[in-house]
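Student: I would like to learn how to read the features of a protein model. Could you take me through one step by step?

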Amino acid sequence: MIVKPRPLVAVLRIINSSPVDPRPMVAALHHNPTMIQTQPTAAELDAPSAARPLLLILVVLLGSIFFAAGHQWNVSLSETFSAAADEAGQIVAGGDTVRRVAFSAIAIIGLCLLACKAPTTRGLSRFSRSENGTVPFQKRQPWLGILVIAYLSWCLLSVIWAVHPSLTITRLAVLVFCCLGALGVARQLSAREICLLAVAISAAYVAVGVCTEVALGTFRPFSVDYRFAGTLHPNAQGAVCAVLCLGSFCLAVESPRRRAWLIALFVAGLAMLFITRSRTSLAALTAAMLALLTLRGSWRTRAIIGIALPWVLCACVLVILLFSIPAGEKLTGAVLMGRQDEAFLLSGRMPLWAELMPYVRDNLMLGHGYDGFWTSKNVQDISSIFDWTIPDAHSAYLDMVLGVGLIGAMLGLLVLACGVWMSAAQYKATGNVGYEFIFSLLVYGMLASLLESSFVLMTSFVSFMAACGLAHLAFYPESRRVGACTHANQQACEHVGASTHPTSDLRRDIKLVRSTHPTE
């Protein structure tokens with residue numbers, strides 16, 4: 001007596017409503033059950049992978065390179081956490097030998113990674129289920145790649161009309177070197193591994209910063225005027241803490257065995273971010289976390305976050321202002337993180353922006369050349385007007401307009417917006433937390449760029465990780481890593497995609513198809 005295998009019955013049940021003859025597909029599943037692959041489980045994700053040695057090597061190399069290029073041991077000893085205006089001008093004029101070597105090393109690493117053979121699979125299936133039970137075949141979207149190439153081409157062309165061509169060429173060389181490194185990392189690592197890379201390096205930077213301040217005797221978290229700097233400016237350290245929070249939060253969802261450690265990393269990163277007193281990083285992180293919850297949640301959650309929450313916050317502020325509640329001053333101090341001075345002027349940014357407007361109008365459409373406005377003379381002249389060293393406009397968008405003009409700034413903004421849209425679409429299609437991390441990092445960067453300049457300059461660790469994410473989305477998305485589906489596999493996927501069964505039932509049936517054979 002021949003017993004019909006239960007998995008084949010399940011597959012027949014799934015494709016019963018299809019008008020196409022199911023027998024060829026069932027026969028293909030019977031003879032080759034491995035043609036259907038499911039998303040990896042948490043245990044599979046936690047298991048060691050062949051790319052783990054490469055990941056560890058990149059953590060050490062890239063972490064050391066960016067530390068040598070932008071970190072200083074004695075930053076916390078300075079009251080302003082920055083170099084003097086004349087010293088900053090000399091660095092701009094002559095450059096720094098260590099930084100030159102560091103960025104050249106990034107280019108070499110990128111070229112080596114590009115020369116090596118890319119992995120064919122990275123833990124993803126040939127098809128991925130979406131929330132509604134369908135199985136979308138992901139087509140490569142060329143728009144982000146086109147926008148990235150257009151933006152980089154415009155930056156390279158800016159040397160033609162640059163006011164200071166030598167400085168622009170130097171900055172363009174740094175941009176090209178970092179792009180090569182980001183492209184190589186994106187080619188060899190998956191989106192999830194990029195998230196792991198960001199978490200490992202950011203955690204190391206925060207730990208080194210704490211140890212440095214403890215050794216120097218400047219770690220006083222309970223002091224009124226204290227700001228945690230470590231080896232960076234507090235605002236830059238706040239961005240590193242934000243990356244640590246975003247990465248650990250995304251990874252904690254899919255890794256049950258390491259969830260406690262990842263939650264501990266998230267809490268530690270949030271605590272260190274708070275004592276940096278970086279209001280921009282904290283506000284951008286809050287918005288990015290809300291965007292993450294919106295991306296993960298249902299339409300009801302999105303409605304609550306997008307509509308109800310702003311109304312509640314506005315109502316609370318209105319009640320405090322109308323009734324002069326004493327707790328309002330304490331709440332204001334907590335929101336401004338104890339830095340109420342010049343809060344209305346955004347810590348001196350508004351006078352700075354007003355001072356820079358004439359320079360913007362001089363070359364509105366084309367700019368002064370990529371990152372070519374901040375010469376040693378301009379740094380010293382503008383810093384002399386204020387009481388603090390000013391090496392940039394403290395707004396990435398304003399710096400982009402000064403450098404590559406309004407046209408280049410619009411192209412850069414389109415790159416970021418398209419990256420946010422594509423990362424959200426990839427996460428919805430695959431459920432890969434790596435794309436969730438890229439989405440949250442780009443959202444964070446777009447918001448933080450309103451009041452900070454480092455995110456689009458490609459010279460910091462945070463901007464480099466964002467570039468890796470954009471390069472991964474534009475040129476090496478996960479669906480491109482896996483070999484093309486055969487005709488029979490594609491037909492099977494289409495039949496399964498037409499089903500309305502829950503994901504758990506489909507996985508159970510597919511596993512049974514793999515493991516069960518007809519018996520007599």
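Tutor: Gladly; let us begin with contacts: a contact means heavy atoms within 4.5 Å. In this chain, residues 24 or more positions apart account for 80% of the contacts with a separation of 6 or more. This is a predicted model, where local features need pLDDT of at least 70 and side-chain atom pairs count only at pLDDT 80 or more, while totals for chains, interfaces and linings use all residues. Residues are numbered from 1 along each chain as its sequence is written, and side-chain values use heavy atoms, with hydrogens and water left out.

Student: How many helices and strands are there in the chain?

Tutor: Helices (H or I, at least four residues) and strands (E, at least two) are DSSP runs, numbered from the N terminus. Here the chain has 22 helices and zero strands.

Student: What percentage of the residues counts as buried?

Tutor: Buried means under 20% relative accessible area, exposed means over 50%, and partly exposed lies in between (1.4 Å probe, protein chains only). Of the 520 residues, 48% count as buried. The areas come from the Shrake-Rupley method with a 1.4 Å probe, and for residues only the protein chains shown count as cover. The chain's accessible surface is about 25,100 Å², with 68% of that belonging to carbon and sulfur atoms.

Student: Where is leucine 172 found, and what does it touch?

Tutor: Leucine 172 is in helix 8 (residues 165-188) and is buried at 6% relative accessibility. Beyond residues up to four places away in sequence, leucine 172 touches Cys155, Leu156, Val159 and Tyr370. From leucine 172 to valine 159 is 13 residues in sequence and 8.7 Å in space, C-alpha to C-alpha.

Student: Is serine 440 buried or exposed?

Tutor: Serine 440, in helix 18 (residues 433-448), is buried, with 0% relative accessibility. Leaving aside neighbours within four places in sequence, serine 440 contacts Leu246, Cys250, Ala288 and Leu292.

Student: How many aromatic pairs does a search of the whole structure find?

Tutor: Rings of Phe, Tyr and Trp (its six-membered ring) pair if their centres lie within 6.5 Å; planes under 30 degrees apart are stacked, over 60 edge-to-face, and the rest tilted. The search finds ten pairs. One of them joins tyrosine 359 and phenylalanine 373 edge-to-face, at 5.0 Å centre to centre and 65 degrees between the planes. Tyrosine 359 lies in helix 15 (residues 349-362), and phenylalanine 373, 14 residues apart, in the loop between helix 15 and helix 16 (376-385). Phenylalanine 373 is buried at 3% relative accessibility, whereas tyrosine 359 is partly exposed at 29%. Ring pairs also link Phe67, Trp73, Tyr205 and Phe461 into a cluster.
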